[in-house]
Amino acid sequence: MRFALLCAVSAAALTACSQPAAEKAPVAPAEGRTLAKVDLDQPLRVMGTEPFWAIEITPAGLTYSGVDRPEQKAANPGPALHGTVAVWTTETEAMTPLVVTLMATDCSDGMSDRTYPLTAKVEVGGENLTGCAASSAAIAKAGESGRVE
């Protein structure tokens, strides 16, 4: 009798495990990472003046460039989020430390009439730079003045 009961329970368990995938509850999509309404998983442009420099952040990597500076590429480890701050910590192909910190505070680059949604601080090698940031798409469609959204 015990053996028959054990077989019945085992068969029921196997049947339950082999239910079609369509009957399983859907998995909720991962929530995007945002800072000041900027999607951090989309291409971003971080830039500064005096000296002129820029960092393109894409899912494929970070590219640092500037006037009279060699272009440097680095892997994109993704940002570490700490409240209203996002930090990318990586190393360029030349093994130069690169840390990009974006803060959810409005920023003016000091040379245009644009206002950006993010303030940036960058440490590359031994140099500290400050600037502004927004999504690459928002910068591309923004005018010469006003808020970059």
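**Close-up views of a predicted model**

View 1. V67 sits in the loop between β5 (61-66) and β6 (69-74); strands (E, at least two residues) are DSSP runs, numbered from the N terminus. The model is predicted: local features need pLDDT of at least 70, side-chain atom pairs count only at pLDDT 80 or more, and totals for chains, interfaces and linings use all residues. Residues are numbered from 1 along each chain as its sequence is written, and side-chain values use heavy atoms, with hydrogens and water left out. β5 and β6 run antiparallel and are joined by 4 bridges (strands pair if DSSP finds at least two bridges between them). L62 has A74 in β6 as its bridge partner. The two strands form a hairpin with 2 residues between them, and D68 in the turn has a positive phi of about 55 degrees.

**View 2. The disulfide of C107 and C132.** A search of the whole structure finds 1 disulfide (a pair of cysteine sulfur atoms within 2.5 Å). The sulfur atoms of C107 and C132 are 1.9 Å apart. C107 lies in the loop between β9 (97-103) and β10 (113-115), and C132 in strand β12 (residues 127-135), 25 residues apart. The torsion about the S-S bond is about -70 degrees, so the disulfide is left-handed. C107 is buried at 9% relative accessible area, and C132 is buried at 1% (buried means under 20%, exposed over 50%, partly exposed in between; 1.4 Å probe, protein chains only).

**View 3. The largest nonpolar core.** This core has 22 residues, and V46, I55, W88, V100 and L102 have the most contacts inside it (a nonpolar core is a set of buried Ala, Val, Leu, Ile, Met, Phe, Trp, Tyr and Cys residues joined through side-chain atoms within 4.5 Å). Elements that give two or more residues include β3 (44-48), β4 (53-58) and β8 (85-91). β11 gives the largest share, 4 residues.

**View 4. Salt bridges.** The structure holds 6 salt bridges (a side-chain nitrogen of Lys or Arg within 4 Å of a carboxyl oxygen of Asp or Glu). E56 and R45 meet at 2.0 Å, N to O. E56 lies in strand β4 and R45 in strand β3, so the pair ties together parts 11 residues apart in sequence. E127 and R69 meet at 2.9 Å, N to O; E127 lies in strand β12 and R69 in strand β6, so this pair ties together parts 58 residues apart in sequence. In R147 and E149, the closest N and O atoms are 2.8 Å apart. Salt bridges that share partners join D106, R147 and E149 into one network.
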